[in-house]
Amino acid sequence: MRNTFGNALTITLFGESHGSAIGAILDGLAPGIEIDDAFIKNRLFQRKPKTGTGTARRESDDYRFQSGVYNGKTTGTPLCITIENAQQHSSDYETLRYTPRPGHADFAAESKYHGFQDVRGGGHFSGRLTAAIVAAGALVEAALRQHGIYIYTHIARMGVILDDALCEQNRHVLDTAEFPTISRTAETAMKEYIAAAGKEGDSVGGVLESEIVGLPAGIGEPWFDSLEGVLSHVLFSIGGVKGVEFGEGFAIADMRGSEANDPYYYKDGRVLTASNHNGGIGGGITNGMPVRFRCAVKPTPSIYKKQKTVDLSIGADTELTISGRHDPAIVHRAAPVVNACAAIAVADLLTVRYGTDFLKTGLR
Ligand SMILES: Cc1cc2nc3c(=O)[nH]c(=O)nc-3n(C[C@H](O)[C@H](O)[C@H](O)COP(=O)(O)O)c2cc1C
């Protein structure tokens with residue numbers, strides 16, 4: 001029952017939605033990394049529910065370093081970061097102990113933890129825990145940026161509403177210009193789409209598209225710890241992520257080899273590829289092109305429509321109407337979580353290749 005990810009740099013996640021606090025422990029960090037509070041706060045803000053589309057739970061998300069930071073820099077010893085839970089409404093959830101929400105982890109958790117799990121607010125399985133991932137991951141992401149490694153995620157699709165222009169425009173970016181999260185027109189259409197589903201007590205899903213730029217060629221291990229494998233591992237840890245694909249992903253099955261292969265060429269003494277259908281990865285290892293991947297995020301499982309479920313206390317079928325506070329979409333809020341997870345995975349592989357001090361010193 002491990003809750004730890006990584007080899008040379010690890011993250012351990014702890015807490016429950018309605019416990020006193022949630023948090024994460026990063027172990028294997030380089031000493032001397034400057035803590036970029038503004039960056040961490042910004043990423044936490046991106047994860048927060050937004051007015052009009054979000055849940056009514058409003059947490060300040062103030063984080064506190066319990067260990068591993070001294071005079072604003074990492075010490076290199078285990079870094080523990082915690083975020084208090086202030087806004088618990090636990091009575092909303094007591095009925096869910098016996099009537100599991102379809103699409104959520106309630107029944108699976110009951111099966112694994114034999115009824116000892118904290119059911120309040122989804123307990124350890126709540127999206128609330130992603131705040132701790134974002135806080136820890138943003139610390140790492142900020143350190144990566146110091147060495148020219150940037151992670152960009154934008155909403156490629158909210159349900160059926162596409163952000164076409166951005167997908168095309170950003171397909172082969174080599175520079176490190178920040179993606180706008182979304183184009184204005186798409187943002188309005190997406191908000192309306194979410195609101196319409198929300199009004200019906202329903203929810204919507206979508207697709208996040210990400211690129212990691214600035215990674216040197218040669219990162220990732222062949223076979224089991226391939227970059228695809230390690231990234232998928234951590235991305236599938238995000239509750240609600242049901243698909244991860246690299247480069248053209250499933251669409252590559254429809255292409256011919258002559259279309260799918262990315263031709264090499266030299267530019268200023270550097271080997272590049274003219275297209276990037278393979279997502280910047282060959283044999284599980286980076287080739288120096290942007291690492292491109294997409295995550296399918298499902299519609300929020302907690303919906304307000306009446307649903308069929310079971311009553312575990314009497315062993316019979318029943319119906320469920322959920323109260324509590326839930327977003328009609330979590331896609332946009334998952335974007336900084338994707339960045340945080342990708343940062344930790346990439347930093348782990350960089351640490352494996354270049355050693356613990358890499359995150360502080362970069363390539364010397
Ligand atoms: C940022 C974020 C916020 C979430 N908020 C909610 C929520 O308010 N209600 C809900 O039912 N699920 C929410 N989820 C999704 C659940 O955490 C997720 O569906 C659940 O843990 C089960 O995991 P699975 O969908 O991967 O099987 C959220 C996920 C993320 C990433």
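The following dialogue explains how to read selected features of this predicted model.

Me: Which conventions apply to the numbering and to the confidence of the model?

Reply: Residue numbers start from 1 in each chain and follow its sequence as written. The model is predicted, and local features need pLDDT of at least 70, side-chain atom pairs count only at pLDDT 80 or more, while totals for chains, interfaces and linings use all residues.

Me: Which residues around the ligand come nearest?

Reply: A residue is near a molecule or strand if its C-beta atom, placed from the backbone, lies within 6 Å of it. Around the ligand there are 21 residues, of which Gly127, Gly239, Gly240, Ser302 and His326 come nearest.

Me: Which helix gives the most to the shell around the ligand, and how is a helix defined?

Reply: Helices (H or I, at least four residues) and strands (E, at least two) are DSSP runs, numbered from the N terminus. Helix α8, residues 331-354, gives the most to the shell, with three residues.

Me: How many residues of each class does the shell around the ligand have?

Reply: Ala, Val, Leu, Ile, Met, Phe, Trp, Tyr, Cys and Pro count as nonpolar, Asp, Glu, Lys and Arg as charged, and the others, Gly among them, as polar. On that scheme the shell around the ligand has seven nonpolar, 10 polar and four charged residues.

Me: Which residues of helix α1 are buried, and where do they lie around its axis?

Reply: A residue is buried if 20 or more other C-beta atoms lie within 10 Å of its own, exposed if 12 or fewer, and partly exposed in between, with C-beta atoms placed from the backbone. In helix α1 (residues 37-47), Ile40, Arg43, Leu44 and Arg47 are buried. These residues lie on the same side of α1 because they cover an arc of only 100° around the axis, the arc being that of the directions from the helix axis to the C-beta atoms. The face of α1 turned away from this buried side carries the exposed residues Ala38 and Phe45.

Me: What covers the buried residues of α1?

Reply: Two residues are in contact if their C-beta atoms, placed from the backbone, lie within 7 Å. The cover over the buried residues of α1 includes α3 (130-146) and α8.

Me: How is the packing of α1 with α8 described?

Reply: Two packed helices are described by the angle between their axes and the distance between the axes. Axes are lines fitted to C-alpha atoms, for helices over the stretch in contact, and angles run from 0 to 180 degrees between N-to-C directions. The axes of α1 and α8 come within 6 Å and cross at roughly 140°. That angle makes α1 oblique to α8; angles under 35 degrees count as roughly parallel, over 145 as roughly antiparallel, 65 to 115 as roughly perpendicular and the rest as oblique. On the α1 side the contact is made by Arg43, Gln46 and Arg47, and on the α8 side by Arg333, Ala335, Pro336, Val337, Asn339 and Ala340. By class, the residues of this contact divide into four nonpolar, two polar and three charged.

Me: Which residues of helix α6 are buried, and what do they pack against?

Reply: In α6 (residues 227-235), the buried residues are Leu227, Val230, Leu231, Val234 and Leu235. Their arc of only 125° around the axis puts them on the same side of α6. The buried residues of α6 pack against β1 (4-5), β11 (241-246), β14 (281-282), β15 (285-286), β16 (291-297) and α8.

Me: Where is Ile238 found, and why does it count as buried or exposed?

Reply: Ile238 is in the loop between α6 and β11. Ile238 is buried, because 22 other C-beta atoms lie within 10 Å. Beyond residues up to four places away in sequence, Ile238 touches Thr130, Ala334, Val337, Val338 and Cys341. The C-alpha atoms of Ile238 and Gly127 are separated by 8.2 Å, although the two residues are 111 residues apart along the chain.

Me: What is the phi value of Asn71, and where is this residue placed?

Reply: Phi of Asn71 is near 55°, a positive value in a residue other than glycine. Asn71 lies in the loop between β5 (69-70) and β6 (73-74), and Asn71 is exposed, with 7 other C-beta atoms within 10 Å.
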